[in-house]
Amino acid sequence: MMNHHSSYSPVNGFYSFLTQQLENLHHLFLSEGFISIKFLQRVIMSLRSFHSQLVLLAHNLRLPAGEKWLDAYMDETARLWETCLDLKRGISSLESFCFSASNVVSLVNRQTHLNAQISRQIAREIDRCQRDLGLMGDNRIRAEARIQTLFLVPFDHGFVSGINFYKCVEFRGALYTMRTIDILLLEILLCGFVYSWPETSLQNWKTGDDDSPSMMAAASLHYSVASEIRQGRDGILVQEVQKALSIMDELRMAVDFRRGNELRIEIALKKVESLKICMGNLQNGVVDVFGQIDDFFDEIVEGRKKLMDLCSQR
């Protein structure tokens, strides 16, 4: 069992912050009922806030210069950096999907009636859009490789020495807890934006023997998200993508000229309006997450500099 001290220390505030943020994240997921773009935006916000709080904790503990704690922190932030790079590459693949979907919307909105030729043209645009999403084989390879990396890198428990033993123990525990939680949040982001497998995604994440409030909050979040993933299918799980695909299937049926429905154009226009709203939410969310990841990179650089400067002053 991890000992998160009952007496006051700067570490207590860190763990309380983790617990509260994880509980808020879980409540948001339960209220949304699925992996939405809004939920994934909050996940990346949580990653950023956890990192900022860890930097503040290291500063408040006044850890000794020249100890292994700084190397461990550098290793963990390097892992965060590399995973976020993969996230950016995966998320950028959604831009082609959004562009193709906008072409579908534009094409249907230009029509005042449907005939066989126009129906086939709309069907081809839908095929192209779905094909853009289906051609993300690199995403699957990237997500699989990154998830394996997250779990394979061992945690260094050996950076404790001398009169600073207790301070280093506290920071070691905080860093280990944050790393475990980070792995969960990063894998959720990879499932949402890059690729997911219902049979295996989130199945390797464990809390170990840590039954602290922060880890129990993380375990509750893990259980709910993993249950949702198991009910899904291979691919990108963000709900706005799944909803867009469903609307496109309905649109394809609405414009099928062989169905002989005189109200096809009215139905089609209603479908593309729903598609437009869905894709707008997705596009805005992708832009926001891109910006958040770039800001996170800046914060990692700044955090490293702060802690190296702190060590150089001692």
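Predicted model: local features only at pLDDT ≥ 70, side-chain atom pairs only at ≥ 80, totals over all residues.
Local features need pLDDT of at least 70, and side-chain atom pairs count only at pLDDT 80 or more, while totals for chains, interfaces and linings use all residues. Residues are numbered from 1 along each chain as its sequence is written, and side-chain values use heavy atoms, with hydrogens and water left out.

**Core**

The largest nonpolar core holds 96 residues. Such a core is a set of buried Ala, Val, Leu, Ile, Met, Phe, Trp, Tyr and Cys residues joined through side-chain atoms within 4.5 Å. Buried means under 20% relative accessible area, exposed means over 50%, and partly exposed lies in between (1.4 Å probe, protein chains only). Phe-39, Phe-97 and Phe-193 have the most contacts inside this core. Elements that give two or more residues to this core include α3 (68-109), α6 (165-193) and α9 (264-312). Helices are DSSP runs of H or I, at least four residues long, numbered from the N terminus. In soluble globular proteins, nonpolar side chains tend to be buried together.

**Salt bridges**

The whole structure contains ten salt bridges. Each is a side-chain nitrogen of Lys or Arg within 4 Å of a carboxyl oxygen of Asp or Glu. Three of them are tabulated here.

| Pair | Closest N to O |
|---|---|
| Arg-179 and Glu-76 | 3.7 Å |
| Glu-125 and Arg-128 | 2.8 Å |

Which parts does the pair Arg-179 and Glu-76 tie together? Arg-179 lies in helix α6 and Glu-76 in helix α3, so the bridge links parts 103 residues apart in sequence. Both Arg-179 and Glu-76 are buried.

The pair Glu-125 and Arg-128 sits within helix α4, three residues apart, about one turn of the helix. Glu-125 counts as buried because its relative accessibility is 17%. Arg-128 has a relative accessible area of 35%, so this residue is partly exposed.

Glu-302 and Lys-306 are four residues apart in helix α9, so about one helical turn separates them. Both count as partly exposed, Glu-302 at 44% relative accessibility and Lys-306 at 48%. Salt bridges that share partners also join Glu-76, Arg-79 and Arg-179 into one network.

**Helix α2**

The expected span of a helix is 1.5 Å times one less than its number of residues. For the 25 residues of α2 that gives 36 Å, and the end C-alpha atoms are 36 Å apart, so the two agree. Arg-62 follows α2, with a positive phi near 50°.
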